[in-house]
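My entries follow in the order I made them.

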Amino acid sequence: MSTFETIFLALIQGLTEFLPISSSAHLILPSQIFGWDDQGIAFDVAVHVGSLFAVLGYFRKEVWAMLKAWLSSFTGNRSPEAVLAWLIILATIPAVLFGGLFKSLIEEYLRSAYVIATTTIVFGALLWWADSQAKLVHDEYKIGWKQALFVGVAQAIAIIPGTSRSGITITAGLMLGLTREAAARFSFLMSIPVIVGACVLMGKDMADNPVDIDWSAMSLGILVSFISAYSCIHLFIKWVNKVGMKPFVIYRMLLGITLFAFLALS
């Protein structure tokens, strides 16, 4: 990849990983629309690592508090942080199961611009409906195990390209009565084990199919992804209660329509 492609794709990953607009869609589309070579699994690992560092860095206090509380829960601690840590673990299980069962099927049949255009519009409409009907009364500490599992199943559906992991989990959180900020925080905290798992799986694929790695491109990808993702998380958390989900819904609709138009003309 050229330096421009590296920066562009890493920037896209960092910005879209945590916005409700689908990072997988935006990483798949450049190769299909612009005719670029596929960036390859090594680069995907690099930009996901950058996003992981960003979410861990931004929520470092919360993550540290939950980690300590989770460890002490084995000795009887039932603090809100310990409960939240267990709920995040519970919410991760459906994604692991869905990923293991359907990963090959989805990669073979659903990584297409037609699927992305459809899911972009459909799940964008669902996000609009959830946001318009949301009660916006609870924070993430009011979630119980049934609610966490519901959000976890929603997260598992995001294995379909174009769905948006953050988008569908925020949608589920809004359906449960969370505030927009609480739904976003829970979604972002849930992303940590999922991104770690994705990096492990992609790393295994790299080990099974060794390729030459451009370490300078990988380093640049990690850096750009980290900076853009960290900035995105900060601004989204700061502004989400003010702007709501409408701007992202409009973007998804325009993107989906544009994709269908592009496919019809190509």
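**Arg 185 and its partners**

I started with Arg 185, which is buried at a relative accessible area of 19% (buried is under 20%, exposed over 50%, partly exposed in between, with a 1.4 Å probe and protein chains only). Salt bridges that share partners put Arg 185 in one network with Glu 140 and Glu 181 (a salt bridge is a side-chain nitrogen of Lys or Arg within 4 Å of a carboxyl oxygen of Asp or Glu).

A note on the source: this is a predicted model, local features need pLDDT of at least 70, side-chain atom pairs count only at pLDDT 80 or more, and totals for chains, interfaces and linings use all residues. Residues are numbered from 1 along each chain as its sequence is written, and side-chain values use heavy atoms, without hydrogens and water.

I took the Glu 181 link next. Its closest N and O atoms to Arg 185 are 2.8 Å apart. Both residues sit in helix α9, 4 residues apart, about one turn of the helix (helices are DSSP runs of H or I, at least four residues, and strands are runs of E, at least two, numbered from the N terminus). Glu 181 is partly exposed, at 25%.

Then I checked Glu 140. It meets Arg 185 in a salt bridge of 2.7 Å, N to O. Glu 140 lies in the loop between α6 and α7 (145-157) and Arg 185 in α9 (residues 180-208), so this pair ties together parts 45 residues apart in sequence. Both Glu 140 and Arg 185 are buried.

**Other salt bridges**

How many salt bridges does a search of the whole structure find? I get 4. One of them joins Asp 139 and Lys 142, with the closest N and O atoms 4.0 Å apart. Asp 139 is partly exposed at 29% relative accessibility. Lys 142 is exposed, at 59%.

**Ser 187**

I stayed in helix α9 for Ser 187. Is this residue buried or exposed? Ser 187 is buried, with a relative accessible area of 0%. I set aside neighbours within four places in sequence and found Ser 187 in contact with Arg 165, Ser 166, Thr 169 and Ile 170 (contact means heavy atoms within 4.5 Å).

I moved to helix α1 (residues 3-16), where Phe 4 lies. Phe 4 is exposed, at 56%. From Phe 4 to Leu 235 I read 25 Å, C-alpha to C-alpha, across 231 residues of sequence.

α1 packs with helix α10 (residues 215-243) at about 35 degrees, the axes 7 Å apart (axes are lines fitted to C-alpha atoms, for helices over the stretch in contact, and angles run from 0 to 180 degrees between N-to-C directions). By class I count 9 nonpolar, 7 polar and no charged residues in the α1 and α10 contact (Ala, Val, Leu, Ile, Met, Phe, Trp, Tyr, Cys and Pro are nonpolar, Asp, Glu, Lys and Arg charged, the others, Gly among them, polar).

**α6 against α11**

Last, I looked at α6 (residues 113-133) and α11 (residues 246-265). Their axes come within 8 Å and cross at roughly 155 degrees. That makes α6 roughly antiparallel to α11 (over 145 degrees; under 35 is roughly parallel, 65 to 115 roughly perpendicular, the rest oblique). The crossing of α6 and α11 is left-handed. Their contact has 16 nonpolar, 5 polar and 3 charged residues.

How values were computed. A crossing is left-handed if the near helix is turned anticlockwise from the far one by less than a right angle, and right-handed if clockwise.
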